[in-house]
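Please examine the structure shown below. The questions that follow concern contacts between its side chains.

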Amino acid sequence: MRFQIIKSIIQHPITASITIRWKTTSAQYVASRARDPTFEKLMENYKNLAKVIAIQDLILANPNNSPPSVSFDFLSRLSQKLHLNRGAASFIRRYPHIFHIFYNPRLSQPFCKLTDTALQISCHEAKAINASLPIVIDRLVRLLSISTSKSLPLRAIFKVWRELGLPDDFENSVISRNPHLFKLCDGNEPNTHVLKLVDEIPKNHFTAAVENWRVTECCKEDCSIDRTEIQFSFKHQYPPGMRLSKDFRAKVKEWQRLSYIGPYEELGEKRSKAGLLGLEKQAVAIVHEFLSLTVEKMVEVEKISHFRKCFGIDLNIRDLFLDHPGIFYLSTKGKKHTVFLREAYLKDRIIDPDPVYDVRRKLLNLVILGRRGLLANKLTSGEIQSDEDSGLQTENRD
């Protein structure tokens, strides 16, 4: 056991100063780390938003229905897959600003459709994505440029198409329409494809988000920081209440001064101890840039793990997030772990949002609203109807 601890300290000197003394596993570290209540509360809402979006997509996938809708019987059969622990009817009733229940007399069963507000948000998101296509194309080119082979499995990109703000038909609207940038090739396995850059892009073509931050810091008129101190630095901000020892601060300061290799540059050497630490710092730079390219500056750890080998990262991705709590925040809400880029947020909102985020935030706000304001809205519009009129019996709320 002690050998494992010593090995952990050698491999992860920063981690050793902030973990519990006898930390032996990542699971123990996750349980003992400092939690950030703002991100935890935000993740609780995002967890419900993901379920709302899944149901919304099912509704919009039935355009032949007038209006687009799905039956409660169909949703009930998918309750377990959608993680609706108390059933579809109970979940849908929690969000009356998003879903509307109506009875179909022809089929003699209740159905669910989107409210006018939710449908409008969905249309606005599609318009915002289409208007942002030049930015989306740039994101995809950057992602491919980070890869050591300048190519990525198409299935990995499918994992994060929403996070990158790609249209749902991006194979046609982005890849096929830009043959001067992208080409699809057959993968090593049957029925798999690899997306490649047509031409190699010069190393200095892109500037990483962290490098832009350094320039901004150096250009501040009241900047009292030694510019040599932030030459290779990342912005750090820690969970409220997290106690930082002198030893930990010294370790971070030492790590910040390590030579930096950007996410778009060739991988460094592994031979020396400095080389290993440099590889860790480049891995941080890569995942930092990856998160910077996402709309909401967050992604599930499992999804980003699909890019680990393509990006030449030999380290465990989750441990990398845990080892740098000043840069990333790892939330364990729900069944999957999600990582946030700390510096991108002020409280629970993105500091520099794009139009796609602004629209998505409106849907999240409806999730946060829940049933509040429902009675006033119905009184104003005269839409109050009994459960008998809607063809549904009253159920207990979640």
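Q: How many aromatic pairs does a search of the whole structure find?
A: This is a predicted model, in which local features need pLDDT of at least 70 and side-chain atom pairs count only at pLDDT 80 or more, while totals for chains, interfaces and linings use all residues. Residues are numbered from 1 along each chain as its sequence is written, and side-chain values use heavy atoms, with hydrogens and water left out. Rings of Phe, Tyr and Trp (its six-membered ring) pair if their centres lie within 6.5 Å; planes under 30 degrees apart are stacked, over 60 edge-to-face, and the rest tilted. The search of the whole structure gives 15 aromatic pairs.

Q: What is the geometry of the pair formed by phenylalanine 39 and tyrosine 345?
A: The two centres are 5.4 Å apart. Their planes stand at 75 degrees, and the pair is edge-to-face.

Q: How many residues apart are phenylalanine 39 and tyrosine 345?
A: Phenylalanine 39 belongs to helix 4 and tyrosine 345 to strand 10; helices (H or I, at least four residues) and strands (E, at least two) are DSSP runs, numbered from the N terminus. This pair links distant parts of the chain, 306 residues apart.

Q: Is phenylalanine 39 buried or exposed?
A: Buried means under 20% relative accessible area, exposed over 50%, and partly exposed in between (1.4 Å probe, protein chains only). With a relative accessible area of 3%, phenylalanine 39 is buried.

Q: Which residues form one aromatic cluster?
A: Phenylalanine 39 and tyrosine 345 both take part in this cluster.
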